Amino acid sequence: MKNQILPHDHGYNEKKVAEHMPTEEEIAGVSEAMKQLGDPSRLRIFWLLCHCEECVLNIAALVNMSSPAVSHHLKLLKSSGLIVSRREGKEMYYRTADTELAQVLHHTIETLGKITCPERTEKI
Ligand SMILES: [Zn+2]
């Protein structure tokens with residue numbers, strides 16, 4: 001949109017907005033993250049993993065879903081970069097990625113859903 005002349009001049013800040021218009025590449029990660037979190041089950045799993053690192057079986061118990069279903073959601077969340085995993089012995093643990101996007105989404109979910117943040121708990 002840089003240096004583009006708009007068909008109409010309404011006297012607003014269209015020029016400034018146009019200068020900062022993100023490219024499709026720049027917005028792709030945000031779009032993908034929001035697409036993934038558009039699913040209520042993934043949204044709950046993501047929110048859960050904002051507060052603790054968990055294995056598939058515990059996540060399944062906490063969200064009351066089967067572990068294959070949870071595994072499917074974890075795979076999608078991981079491929080969109082919202083969560084990361086760590087292997088310890090035979091067990092795989094999942095948690096939210098340490099990214100600004102994940103942090104903002106965490107707080108957005110709680111603000112919009114009027115959800116109290118339990119704060120992140122480290123292994124006790
Ligand atoms: Zn929280």
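Predicted model: local features only at pLDDT ≥ 70, side-chain atom pairs only at ≥ 80, totals over all residues.
Biologist: Which helices and strands make up the chain, and in what order do they run?

Modeller: The chain has six helices and three strands. From the N terminus on, the order is α-α-α-β-α-α-β-β-α.

Biologist: What makes the chain count as more spread out than a compact globule?

Modeller: The globule rule gives 14 Å for 124 residues, whereas the radius of gyration of the chain is 19 Å, well over that value; therefore the chain is more spread out than a compact globule. Along the principal axes, the C-alpha atoms fill a box of roughly 60 × 30 × 25 Å.

Biologist: Why is V70 called buried?

Modeller: Buried means under 20% relative accessible area. V70 has a relative accessibility of 0%, so V70 counts as buried. Of the 124 residues of the chain, 28% count as buried.

Biologist: Where is V70 found, and which residues is V70 in contact with beyond its neighbours within four places in sequence?

Modeller: V70 is found in helix 5, which covers residues 67-79. With those neighbours left aside, V70 is in contact with I45, V56, I59, A60, V63 and M65. A contact requires heavy atoms within 4.5 Å. V70 and I45 are 25 residues apart along the chain, and their C-alpha atoms are separated by 8.2 Å.

Biologist: How many positive and negative side chains does the chain have?

Modeller: There are 15 positive and 17 negative side chains, and the centres of the two sets lie 6 Å apart.

Terms used: Residues numbered from 1 in each chain as written. Heavy atoms only, no water. Helix = DSSP H or I, 4+ residues; strand = E, 2+ residues; numbered from the N terminus. Rg over C-alpha atoms; globule rule 2.2 N^0.38 Å. Buried < 20%, exposed > 50% of the residue type's maximum accessible area, 1.4 Å probe, protein only. Lys, Arg positive; Asp, Glu negative; His and termini not counted. Charge placed at Lys NZ, Arg CZ, Asp CG, Glu CD.
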